[in-house]
Amino acid sequence: MRQKNLVFLIICLVLLMVVSIPFGVLFSDFVPGRISVLYSSEFTIAEDVTLQGNDDYDTLVLTKGLTGSITDGVDSRLGDDAGERYMHACIGLNDGTSITLFIDTDTTVNDRQGSVIGIDKIENAEKILSEYKASREECRSKALIKRIVCCAVSFLISVSVSCIFLRIYYKQRKENVASISLVVIALTVDMMLIVLCLLLNVVNSRVL
């Protein structure tokens, strides 16, 4: 009976260590210090660009030489609200007003709708695109490091807990005390951790 208890206990503790890894990944999004990177830059229109009309204006021509600014942030949990393909931008017009638009980083698209211009229509496009992509890679890299750290901490905690359980088991064994309660407690901890993983996954999916 004691041998069976030990086998069941080891199975529960192995499960605890295995589940601690996805738990660390999911929990990393809730650890204080959310990763976010803001890319900002100035740009100049390289050639005349015609924007199709919308609710704010009729057909609009952005003439060569107009300047604007790009301000586009990305969050490790919320992502980029416009998608990584587009950059948020604001450009000043000749009449003193300004409009917001998107700069499309996909150079293979020719037919664009609404307030969208191709990145090939601005000066220093390659430099701006390179800096923009680097900001996204920076966010992903920092988020990955954070997840790895959280996974490592979660796994080390599970190993420490497992060692405590085993130590208690062998102490009870020397004292000739029944150890079935340890198996029940370890299994309960496993179930709680699995439920927490499911809840965190649901919360993350709703946020994203």
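Asparagine 124 is exposed, because its relative accessible area is 56% and the cut-off for exposed is over 50%. Asparagine 124 sits in the loop between β7 and α2. Its phi is positive, about 55°, although asparagine 124 is not a glycine. Most residues other than glycine have a negative phi. The model that shows this is a predicted one.

From that loop, turn to the sheet. It is open and has 5 strands, in the order β1-β4-β5-β6-β7, with mixed pairing. Strands β1 (36–44) and β7 (116–118) are the edges, and each of them pairs on one side only. From one strand to the next, the twist averages 30°.

Helix α2 covers residues 125–174. This helix lies across β1, β4 and β5. Relative to β1, helix α2 runs at about 175°.

Now follow the pairing through β5. Strand β4 (residues 67–75) pairs with strand β5 (residues 86–92) in the antiparallel sense, over 3 bridges. Here isoleucine 70 stands opposite alanine 89 of β5. The pairing of β5 with β6 is also antiparallel, and it runs over 7 bridges. Histidine 88 has phenylalanine 102 as its bridge partner in β6. The hairpin of β5 and β6 has 5 residues between the strands. Within this hairpin, glycine 96 takes a positive phi near 95°.

The aromatic residues come next. There are 4 aromatic pairs in the count. One of them joins tyrosine 39 and tyrosine 132, edge-to-face, at 6.0 Å centre to centre and 70° between the planes. Tyrosine 39 belongs to strand β1 and tyrosine 132 to helix α2, so this pair ties together parts that are 93 residues apart in sequence. Both tyrosine 39 and tyrosine 132 are buried.

Tyrosine 86 and phenylalanine 102 also pair. Their ring centres are 6.3 Å apart and their planes stand at 70°, so this pair is edge-to-face. Tyrosine 86 lies in strand β5 and phenylalanine 102 in strand β6 (residues 98–104), so the pair ties together parts that are 16 residues apart in sequence. Are these two residues buried or partly exposed? Tyrosine 86 counts as partly exposed, because its relative accessibility is 23%. Phenylalanine 102 is partly exposed as well, with a relative accessible area of 29%.

The last stop is aspartate 72, in strand β4. Why does aspartate 72 count as buried? Its relative accessible area is 0%, and buried means under 20%. What does its side chain meet? The side chain of arginine 136 makes a polar contact with that of aspartate 72, at 2.5 Å. A polar atom of the aspartate 72 side chain also lies 2.8 Å from the backbone nitrogen of histidine 88.

The contacts of aspartate 72 link back to residues already visited. Leaving aside neighbours within four places in sequence, aspartate 72 is in contact with Val37, Leu38, Tyr39, Asp80, Tyr86, Met87, His88, Tyr132 and Arg136. Tyr39 and Tyr132, named in this list, are the partners of the buried aromatic pair. Tyr86, also in the list, pairs with phenylalanine 102.

Methods. Residues numbered from 1 in each chain as written. Predicted model: local features only at pLDDT ≥ 70, side-chain atom pairs only at ≥ 80, totals over all residues. Heavy atoms only, no water. Pairing = 2+ DSSP bridges. Helix = DSSP H or I, 4+ residues; strand = E, 2+ residues; numbered from the N terminus. Axes fitted to C-alpha atoms, helices over the stretch in contact; angles between N-to-C directions. Contact = heavy atoms within 4.5 Å. Phe/Tyr/Trp six-rings, centres within 6.5 Å; stacked < 30°, edge-to-face > 60°. Buried < 20%, exposed > 50% of the residue type's maximum accessible area, 1.4 Å probe, protein only. Polar contact = N/O pair within 3.5 Å; in protein donor to acceptor, adjacent residues only side chain to side chain.
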